[in-house]
Amino acid sequence: MNLTYKRATSEDIETLTETRIKVLRAANELPADIDMSEVEKQSYDYYKNALCDGTHIAYLIFDENCFVGAGGVSFYQVMPTYHNPSGKKAYIMNMYTHPDYRRKGIAYKTLDMLIRDTKRKGITAISLEATAMGRPLYEKYGFVKMNDEMELPERK
């Protein structure tokens with residue numbers, strides 16, 4: 001393996017968008033015939049804006065010229081709290097490693113790079129959603145399960 005970890009730029013939007021769709025299909029166990037065109041368009045627009053304004057950082061991993069993985073972090077602002085006086089938060093997302101490259105430390109290194117970048121921005125409130133497959137990686141890094149978070153599901 002000859003791995004290269006590349007910080008994504010606006011030139012990488014296509015690859016980031018394709019990866020986002022792969023991650024969403026895998027995480028939600030969606031079959032290939034489910035239409036993701038709207039999510040794809042919105043993801044493209046998201047990356048186009050967020051990479052430029054600094055509210056998103058992503059890394060792409062290549063073995064020679066072959067894409068093998070990615071990971072990203074989104075930054076956002078909430079009201080300041082006692083535990084987070086700045087109100088700045090980070091959300092790790094879109095972690096992906098090609099099946100042939102899993103269990104080789106790629107995701108761990110990508111996660112570490114994202115967290116280091118986040119902490120350099122002075123942000124210490126970092127969260128993520130974990131799939132069953134990803135949970136051991138995040139626990140190994142030191143993430144803990146949250147107990148108090150709630151969500152209002154969409155009603156149809």
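Visitor: Why is F62 called buried?

Guide: The relative accessibility of F62 is 18%, and buried means under 20% relative accessible area, with exposed over 50% and partly exposed in between (1.4 Å probe, protein chains only); F62 therefore counts as buried. The model is predicted: local features need pLDDT of at least 70, side-chain atom pairs count only at pLDDT 80 or more, and totals for chains, interfaces and linings use all residues. Residues are numbered from 1 along each chain as its sequence is written, and side-chain values use heavy atoms, leaving out hydrogens and water.

Visitor: What makes F67 buried or exposed?

Guide: F67 has 17% relative accessibility, so F67 counts as buried.

Visitor: How many aromatic pairs does a search of the whole structure find, and why is the pair of F62 and F67 given its name?

Guide: The search finds six aromatic pairs. The ring centres of F62 and F67 are 6.0 Å apart and the planes stand at 70 degrees, so this pair is edge-to-face. Rings of Phe, Tyr and Trp (its six-membered ring) pair if their centres lie within 6.5 Å; planes under 30 degrees apart count as stacked, over 60 as edge-to-face and the rest as tilted.

Visitor: What makes the aromatic pair of F67 and Y96 stacked?

Guide: The angle between the planes is 5 degrees, at 6.3 Å centre to centre, and stacked requires planes under 30 degrees apart. This pair links distant parts of the chain, with F67 in strand β3 and Y96 in strand β4, 29 residues apart. Helices (H or I, at least four residues) and strands (E, at least two) are DSSP runs, numbered from the N terminus.

Visitor: Is Y96 buried or exposed?

Guide: Y96 has a relative accessible area of 14%, so Y96 is buried.

Visitor: What is the order of the strands in the open sheet, and why do β1 and β5 stand at the edges?

Guide: The five strands follow the order β1-β2-β3-β4-β5, with mixed pairing. Strands β1 (3-7) and β5 (125-128) each have a single partner strand, so one side of each is left without a neighbour in the sheet. Two strands pair if DSSP finds at least two bridges between them.

Visitor: How do you know that β4 and β5 pair?

Guide: Four bridges join β4 (residues 88-97) to β5, where the definition asks for at least two. The two strands run parallel, and A90 stands opposite I126 in β5.

Visitor: What places K121 over the face of F75?

Guide: K121 lies at 4.8 Å from the ring centre of F75. A charge sits over a ring if NZ of Lys or CZ of Arg is within 6 Å of the ring centre and within 35 degrees of the ring normal. The charged end of K140 likewise sits over the ring of Y108, 5.0 Å from its centre.
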